[in-house]
Amino acid sequence: MIFLGLGSNVGNREENIKTAIRNLSQNPNVTVVHSSSLYETEPVGYVEQASFLNAVVQIDSRLSPREILTICQEIEAQMGRERIIHWGPRNIDIDLLSYDGIILNTADLILPHPFLAERRFVLVPLAEISQSIILDNFTATDLLLRCKDHGEVKIYKAEVL
């Protein structure tokens with residue numbers, strides 16, 4: 001199971017996430033299996049910015065984790081993503097959260113995502129679509145219960161696609 005986190009807080013946030021998911025599904029090497037609801041969330045890190053919409057999608061692919069990351073970055077670039085302020089405003093953000101239980105730590109990719117267990121805006125939609133995924137010997141639901149982040153994560157729309 002491969003999980004991606006998507007977020008947007010610039011422009012038409014909902015359409016940005018839908019476009020990113022459509023772009024993922026148009027890749028012949030990627031199948032979008034399931035998507036969470038859309039959640040409205042508070043910014044983390046750089047807080048002087050608009051609220052985000054976030055979602056998690058499960059995909060299937062025979063591509064390597066690095067190849068999946070490249071596809072995500074290409075979609076971000078095609079959609080005009082600019083990296084100006086670390087954790088700052090962005091029209092689209094696509095993070096590779098986990099890839100079939102692989103543990104990886106390279107200069108450009110860490111799996112599972114290093115902040116996954118610390119972010120409610122990821123754990124809530126992840127637990128929605130896969131309560132049984134195991135990360136660091138915990139389910140997404142267990143991680144959510146242990147999470148020290150108490151930022152508000154509220155349902156925005158029950159269906160993304």
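Start with a stop where there is nothing to click: the structure holds 0 aromatic pairs. Such a pair would need ring centres of Phe, Tyr or Trp (for Trp, its six-membered ring) within 6.5 Å; planes under 30 degrees apart would count as stacked, over 60 as edge-to-face and the rest as tilted.

A word on what you are looking at: this is a predicted model, where local features need pLDDT of at least 70 and side-chain atom pairs count only at pLDDT 80 or more, while totals for chains, interfaces and linings use all residues. Residues are numbered from 1 along each chain as its sequence is written, and side-chain values use heavy atoms, leaving out hydrogens and water.

**Stop 1: a charge over a ring**

Select R13 and Y156. R13 lies over the face of Y156, 5.5 Å from the ring centre. To count, NZ of Lys or CZ of Arg must be within 6 Å of the ring centre and within 35 degrees of the ring normal.

**Stop 2: the largest core**

Now select L4, I17, I68 and I94. These residues have the most contacts inside the largest nonpolar core, which has 27 residues. A nonpolar core is a set of buried Ala, Val, Leu, Ile, Met, Phe, Trp, Tyr and Cys residues joined through side-chain atoms within 4.5 Å. Buried means under 20% relative accessible area, exposed means over 50%, and partly exposed is in between, using a 1.4 Å probe and protein chains only.

Which elements each supply at least two residues of this core? They are β1 (2-8), α1 (13-26), β4 (52-60), α2 (65-78) and β5 (93-99). The names follow DSSP runs numbered from the N terminus: helices are H or I with at least four residues, strands are E with at least two. The largest share, 5 residues, comes from α2. In soluble globular proteins, nonpolar side chains tend to be buried together.

Stay with L4, in strand β1. L4 counts as buried because its relative accessibility is 0%. Leaving aside neighbours within four places in sequence, L4 is in contact (heavy atoms within 4.5 Å) with residues including L24, A55, I68, C72 and I94. For a distance to check, pick L4 and S35: they are 31 residues apart in sequence and 9.5 Å apart in space, C-alpha to C-alpha.

**Stop 3: helix α2 and its two sides**

Colour α2 next. This helix has 14 residues and reaches 20 Å from its first C-alpha to its last, close to the 20 Å expected at 1.5 Å a residue. The expected span is 1.5 Å times one less than the number of residues.

Highlight P65, I68, L69, I71, C72, I75 and E76, the buried residues of α2. They cover an arc of only 160° around the axis, so they sit on the same side of α2; the arc is that of the directions from the helix axis to the C-beta atoms. The buried residues of α2 pack against β1, α1, β4, β5 and β7 (110-111). Turn to the other side of α2 and you will find A77 and Q78 exposed. Just after the helix, G80 takes a positive phi of about 90°.

**Stop 4**

Move to Q58 in strand β4. Is Q58 buried or exposed? Q58 is buried, because its relative accessible area is 13%. Among the residues Q58 touches, not counting those up to four places away in sequence, are F3, T31, V33 and I129.

From there, hop to T31, in strand β2 (residues 31-35). T31 is partly exposed, at 45% relative accessibility.

**Stop 5: helix α3**

Select residues 120-129, helix α3: 8 of its 10 residues are buried, so the helix is largely enclosed by the rest of the structure. The buried ones include F121, V124 and P125.

**Stop 6: two loops**

In the loop between β7 and α3, find P112. A cis peptide bond joins L111 and P112, with omega about -10°.

Finish at D100, in the loop between β5 and β6 (104-105). Phi of D100 is near 50°, a positive value in a residue other than glycine. D100 counts as partly exposed, at 47% relative accessibility.
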